[in-house]
Amino acid sequence: MFDLCSVFKGAGRLAVGGSRNLAGAGAAAFVDLASAWQAGGGSLGVGCSIGADALALQGLTVPRLASVFAACSPAGGGAWSGTALGAVRAAHARGASVHWLAGGPLALALPARLAARSRALALASPAGCLVALSSRTSPGSLVLAGAVAARRGPVVALACGFPWYCLPPLAPGGHWRRLSSDGGVAAALWVAGQ
């Protein structure tokens, strides 16, 4: 693939996320990149969903260098079928920190809590964002990537099973630039408009 450190030069936490149905070569590439970031001493910020988030949590090489942003409570209040509560609890037991109700109180509707959780993760991740997308439409992943792009942080997307040039724009005037392709997975960097 490519060297994450060549793109994410800033210090601090790197947000990682992606589609809930990530599998195959895309899942392997995503976990390899997230693990390489941690192996180099970098910290990770991860959401609480099934798919990419759960894969990142299961692949943690240094759990104490990970922060989980969960939209539910420690007891599971506010969790739904798309929540990887077991993976979040397992990561916490291994030493990861968990920010429970990171998207706000349970009184907020689930879609609002999930979006707010993604924005909180973006704001707490100064190094940038890595997302793995199995389709052009992955609302939570795009909220995360868009929030990082809005503050001019680097965003890398893995297009898993579709052409990188079909990645949706994150903001007007910007574009994606291909970084690499390998085995049906292409990596692209978001280049903001002037």
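1. The largest pocket has a volume of about 330 Å³. This is a predicted model, and the pocket is a computed feature of it. Its lining is made up of 22 residues. Of these, Arg20, Arg117, Pro139, Gly140 and Ser141 lie nearest the centre of the pocket.

2. Which elements build the lining of the largest pocket? Strand E1 (13-18), helix H5 (110-123) and helix H6 (139-150) each supply at least two residues. H5 gives the most, with seven residues.

3. Ser118 deserves a look next. Ser118 belongs to helix H5, the helix that gives the most to the pocket lining. Is Ser118 buried or exposed? Its relative accessibility is 5%, so it counts as buried. Leaving aside residues up to four places away in sequence, Ser118 touches Gly140, Val143 and Leu144. Gly140 is also one of the lining residues nearest the centre of the largest pocket.

4. Now helix H4, which spans residues 85-93. Its buried residues are Leu85, Ala87, Val88 and Ala91. Seen down the axis of H4, these buried residues fall within an arc of 165°, so they line one face of the helix. The face turned away from the buried side carries the exposed residues Gly86 and Ala93.

5. What covers the buried residues of H4? The cover includes helix H3 (52-58), strand E3 (66-69) and strand E4 (97-99). After H4 comes Gly95, with a positive phi near 120°.

6. Ser73 sits in the loop between E3 and H4. Ser73 is buried, because its relative accessible area is 12% and the cut-off for buried is under 20%. The side chain of Ser73 reaches the backbone nitrogen of Gly77 at 2.9 Å. Not counting residues up to four places away in sequence, Ser73 touches Trp100 and Leu101.

7. Most residues other than glycine have a negative phi. Leu101 lies in the loop between E4 and H5. How accessible is Leu101? Its relative accessible area is 31%, so it is partly exposed.

8. Arg152 also calls for a check of the backbone. Arg152 is not a glycine, yet it has a positive phi of about 70°. Arg152 lies in the loop between H6 and strand E6 (155-160). Is Arg152 buried or exposed? At 57% relative accessibility, Arg152 counts as exposed, because the cut-off for exposed is over 50%.

9. Last, Val185. Val185 is part of strand E8, which covers residues 185-191. Val185 is buried, with a relative accessible area of 3%. Val185 and Ala147 are 38 residues apart along the chain. Their C-alpha atoms are separated by 23 Å.

Technical notes: Residues are numbered from 1 along each chain as its sequence is written. This is a predicted model: local features need pLDDT of at least 70, side-chain atom pairs count only at pLDDT 80 or more; totals for chains, interfaces and linings use all residues. Side-chain values use heavy atoms; hydrogens and water are left out. Buried means under 20% relative accessible area, exposed over 50%, partly exposed in between (1.4 Å probe, protein chains only). Helices (H or I, at least four residues) and strands (E, at least two) are DSSP runs, numbered from the N terminus. The arc is that of the directions from the helix axis to the C-beta atoms. Contact means heavy atoms within 4.5 Å. On a 1 Å grid over the protein atoms alone, a cavity is a set of points where a 1.4 Å probe fits but cannot get out, and a pocket is an open set with protein on both sides within 12 Å along at least five of seven lines; lining residues have an atom within 4 Å of a point. Grid points are joined across faces, edges and corners, and a volume is the space filled by probe spheres set on the points. A polar contact is a pair of N or O atoms within 3.5 Å; within protein, one must be able to donate a hydrogen and the other to accept it, and residues adjacent in sequence count only if both atoms are side-chain atoms.
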